[in-house]
Amino acid sequence: MDTLGVIVLAAGMGRRIGAETPKVLQRTSENSLIGHVLGEVLPLAPKLSVVVTGFKRELVESEVSTSFKTECAKGSVRFAVQEQQKGTGHAALCAKESFKDFVGTVLILCGDAPLIKRSSLERLLSLHAEQKATVSILSAELNDPASYGRVLREPASARVIAIREARDCSPSELLVREVNQGTYAVDSAFLWAALERVTNTNAQGEFYLTDIVEAAVSEGQTVVAMPLHDVQEALGVNDAYDLSLINAELNSRRVHALQRKGVFMLQPSSVFIDPTVSVNLSVKIGPNVQLKGNTQLSAGVVIDGQALITDCSVGENAHLKLGLVASGAQIGPGAQIGPFAHLREGTELAAEVKIGNFVETKKARLARGVKASHLSYLGDCEVGEDTNIGAGTITCNYDGFKKSVTVLGREVFIGSNSSLVAPVTVEDGATVGAGSVITQKVTKDSLALTRAPQEQKDGWSKRKRELHAKQKARK
């Protein structure tokens, strides 16, 4: 294979997606647009790579220099400037000076097409070499070609004869479904002279890089187009809608990769997974689940569905039931959480803890076997092994000025509808009766009650009903 050089076109403003930031610095869920492109092309080991910048070039150069420090330090990644945005042909020509001593194949890519795969670039370069082509391009068959440039072929031989931008197409040319993806492999001996001959006599008054295809054909040079296996690689970013399509495709790739490794997903199209998330084998994920940040799921975890889980570690065989929201929590092996639970920052749940419906935790450290099954708030607390917390229990951790801690020992039983007013301790084996407000230490193995004495007035309800009936009869 010839010596390889690379040009990445990254000078555009991107008016439709926000003029404050250069378009190639818009971010997907994984990286900047240009970061995606360089991440795929630099492993091809090009002798030289030139990023053509323009609008707010200092921002683009800073991003590239930070993300690809080694390559920039070695000088294998450099920058050229397009002072005025006059089109893609003019942008590529701005890199000419950097290639003055270069002989080989120049791979030209758009910095705003982040889905391109290294494997497709390798196939294009191989085809380019095999066919001894002067110009080789990537193309895609789209059901709706929209504003993409059309790849025009000679009807009889099907050989490529031109690329026509959509605004310059005739009605019949607009019916062509094969489009230009925007990636070119070009013989350096042909490239620079061809670019210098490109004119701007077109609908947009720009110098099109695509015009080198027709120029090569007119000289009798070999031009080939390689259709992409995955048409999603053709997607570029011009507006927020395009960016959403890119993110959906990137997420789909992550989801499918996990499925191939043995992660079961009931409805994969409804699952969102950040690239930083780690999912072990044999995990089962239901519909409408979002896994974000540095979340880690161990083997055997089951997520029923409808969950938002951020920066959490989940132990083996934990069962996360429907409707969970969790952030910054540690969930131990075999734990059962939900349905409809909320685990907030600082929650640490040991093995086999059970957190039930409508339970909220915050900075709560629950030891092995703790149960809080219904309608409770556990904030700023430490709970010992095998303690049972009844429905409606609240740790009253905030007095309006500061937070205080509630400590519950081992095998404590907290009756329903109890308020534990921090700072307070309930020692091992103690019981708190239902409906109590606990403000002082409860000692080991004791019973604490704060209920008012129950009174009973015999016949009271009957007399009240009879009185009500008489009043109603008078009316």
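Q: Why is Ser282 called partly exposed?
A: Ser282 has a relative accessible area of 43%. Buried means under 20% and exposed means over 50%, so Ser282, with 43%, is partly exposed. Keep in mind that this is a predicted model.

Q: Where is Ser282, and what is its phi?
A: Ser282 sits in the loop between β12 (278–279) and β13 (284–285). Its phi is near 65°, a positive value in a residue other than glycine.

Q: Which loop holds Gln306, and what is its phi?
A: Gln306 is placed in the loop between β16 (302–303) and β17 (307–310), and its phi is near 50°, a positive value in a residue that is not glycine.

Q: What makes Gln306 partly exposed?
A: The relative accessible area of Gln306 is 47%. Exposed would take over 50% and buried under 20%, so Gln306 counts as partly exposed.

Q: How do you know that Arg164 and Glu173 form a salt bridge?
A: The closest N and O atoms of Arg164 and Glu173 are 3.4 Å apart. A salt bridge asks for a side-chain nitrogen of Lys or Arg within 4 Å of a carboxyl oxygen of Asp or Glu, so this pair qualifies.

Q: Are these two partners buried or partly exposed?
A: Arg164 has a relative accessible area of 21% and is partly exposed. Glu173 has 17%, which is under 20%, so Glu173 is buried.

Q: Where do Arg253 and Glu249 lie, and how many residues apart are they?
A: Both are in helix α8 (residues 240–260), four residues apart, about one turn of the helix.

Q: Why is Glu249 called buried?
A: Glu249 has a relative accessible area of 14%. That is under 20%, so Glu249 is buried. Arg253, at 25%, counts as partly exposed.

Q: What is the patch that includes Asp428?
A: Asp386, Glu411, Asp428 and Asp445 gather in a patch of negative charge on the surface. Asp and Glu count as negative, so the charge of this patch is negative. Asp428 lies in the loop between β34 (424–426) and β35 (431–432). At 31% relative accessibility, Asp428 counts as partly exposed, and patch residues need over 30%, so Asp428 passes that cut-off.

Q: Where is Pro339, and what is the peptide bond from Gly338 to Pro339?
A: Pro339 lies in the loop between β22 (336–337) and β23 (342–343). The bond from Gly338 to Pro339 is cis, with omega near 10°.

Q: What is the radius of gyration of the protein chain?
A: The protein chain has 33 Å, but a compact globule of 475 residues would have a radius of gyration near 23 Å. Along its principal axes, the C-alpha trace spans about 110 × 65 × 40 Å.

Note on methods:
Residues numbered from 1 in each chain as written. Predicted model: local features only at pLDDT ≥ 70, side-chain atom pairs only at ≥ 80, totals over all residues. Heavy atoms only, no water. Patch = residues over 30% accessible without salt bridge, like charges linked within 9 Å, V, L, I, M, F, W, Y side chains within 5 Å. Areas by Shrake-Rupley, 256 points an atom, 1.4 Å probe, with all protein chains shown as cover. Charge placed at Lys NZ, Arg CZ, Asp CG, Glu CD. Helix = DSSP H or I, 4+ residues; strand = E, 2+ residues; numbered from the N terminus. Buried < 20%, exposed > 50% of the residue type's maximum accessible area, 1.4 Å probe, protein only. Rg over C-alpha atoms; globule rule 2.2 N^0.38 Å.
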